Amino acid sequence: MTPLNDIDIELRMLVEAVYLKYNYDFRDYTGASQKRRVLAALRAMEVATVSELQARVMHDPAAFAQLLQFLTIPVTEMFRDPDYFLAIRRHVVPILRTYPSLNLWVAGCSTGEEVYSMAILLQEEGLLERTQIYATDINPESLEAARRGVMPLERMRLYTENYQKAGGRQAFSDYYTAAYGGALFERALIDKVSFADHSLATDSVFAETHFISCRNVMIYFNRRLQNRVLGLFHESLCHRGFLGLGSKESIEFSSHAQRFEAMARRERLYRKVGA
Ligand SMILES: C[S@@+](CC[C@H](N)C(=O)[O-])C[C@H]1O[C@@H](n2cnc3c(N)ncnc32)[C@H](O)[C@@H]1O
C-alpha cells in the first residue's frame, strides 16, 4: 500500500469524525474531488489545516452545517442536459402512460430544479395527476430551498432555452411568477412531492418506484458506493422500471450491469431486467 501523505490522513480522519459525530457518511466518496472541496471549505471558513477544521466541526454544529455545503455540491440546473428530458418524453412516457398510478423518485434532488423540471414534463404529458414524486437529498438547506420553489430570476433565460430543447410545449414563463426576489414556481407542480432526508450511502429502500432519476450524484461516489446505490435502485424499481443517470454516469462497469438494459444509452436511460 502506498503511504498516505499527511493531508490525506487528516482528510480521512475528518470524514470519519463527521460520520461518528453526525452520521453523515462521506467515507466512500472519491478522494480527489472531496479533497478539492474540503480545501475550498478551509479557505472559506478561514481555517489553516484540516485537523483544525475537524476540531471546529466536532464542537460546533453550525460549522458542520457550513462544511456540508462544500461536501454536497448543490450545483444544479432546470432541464439540465435537455436531451435527457426529450428522451424521457419519447421512450419512457409512452410506457408510463399504461400505468394507473406512478411513483417517481428523484434521488439527490438538490435545490429542486430537477424535480420541478420533471413535474412540468409530467404535467405536459398528462401524467402529473397520477404521480407521487419522492424527492430526496442529504442536504437540509437544499431540501428547504426545493420546498420553497424560488429560483434565481437571472437563470430563467438558460432554463427557458433548456426547456424548449427538452420538448417543452408552452411558454416557460407560464410556470412561474416573479416573487420573493426570484422566480416562484407554481405550487400545483409540487402538490404531490414528498421532500425527504434520505442518504444513498446509509439508508434503505422506502417505496416501490416506476422511475428513478438520479443524476450527477453517483459521479462523486467510489465503485463500492455506486454498487450499493444501484442495488438499492434495483430493489426499489418495479418490474421493468426505469432508471435515469447523469451524462457522465453509467452502469456498464458496475456489478449490476446485467440487471439493467440500456433504453437510450447516450441519454443514460436504463430499464430494469429480472426480478
Ligand atoms: C451535483 S448535485 C445534482 C443535483 C441534480 N440531481 C442535478 O443533476 O442537477 C448532487 C446532489 O447529491 C446530493 N447527495 C450527495 N450525497 C448524497 C447521498 N449520499 N444521498 C443522497 N443525496 C446525496 C447532494 O446533496 C447534492 O444535492
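Helix 1 has these buried residues: E10, L11, L14, V15, A17, V18 and Y22. They cover an arc of only 160 degrees around the axis, which puts them on the same side of helix 1. The arc is taken from the directions from the helix axis to the C-beta atoms. Buried means under 20% relative accessible area, exposed over 50%, and partly exposed in between (1.4 Å probe, protein chains only). Helices are DSSP runs (H or I, at least four residues), numbered from the N terminus.

This is a predicted model: local features need pLDDT of at least 70, side-chain atom pairs count only at pLDDT 80 or more, and totals for chains, interfaces and linings use all residues. Residues are numbered from 1 along each chain as its sequence is written, and side-chain values use heavy atoms, without hydrogens and water.

**Helix 1**

On the other side of helix 1, R12 and L20 are exposed. The buried residues of helix 1 pack against helix 2 (31-44), helix 3 (50-59) and helix 4 (61-72). Such contact means heavy atoms within 4.5 Å. Just after helix 1, N23 takes a positive phi of about 65 degrees.

**Helix 4**

Which residues of helix 4 are buried? They are A63, F64, L67, L68, L71 and T72. Their arc is only 155 degrees around the axis, which puts them on the same side of helix 4. An α-helix has 3.6 residues a turn, so residues three or four places apart point the same way. The buried residues of helix 4 pack against helix 1, helix 2, helix 3 and helix 7 (140-148). D60 caps the N-terminal end of helix 4. A side-chain oxygen of D60 lies 3.0 Å from the backbone nitrogen of A62. Just after helix 4, I73 takes a positive phi of about 55 degrees.

**Salt bridges**

The structure holds 14 salt bridges. A salt bridge is a side-chain nitrogen of Lys or Arg within 4 Å of a carboxyl oxygen of Asp or Glu. The table gives three of them.

| Pair | Closest N to O |
|---|---|
| K35 and D8 | 3.3 Å |
| E144 and R147 | 3.3 Å |

K35 forms a salt bridge with D8. K35 lies in helix 2 and D8 in helix 1, so the pair ties together parts that are 27 residues apart in sequence.

R224 lies in helix 9 (residues 223-236) and D28 in the loop between helix 1 and helix 2, so the pair ties together parts that are 196 residues apart in sequence. R224 is exposed, at 58% relative accessible area. D28 is buried, at 18%.

E144 and R147 are three residues apart in helix 7, separated by about one helical turn.

Key
Helix = DSSP H or I, 4+ residues; strand = E, 2+ residues; numbered from the N terminus. Polar contact = N/O pair within 3.5 Å; in protein donor to acceptor, adjacent residues only side chain to side chain.
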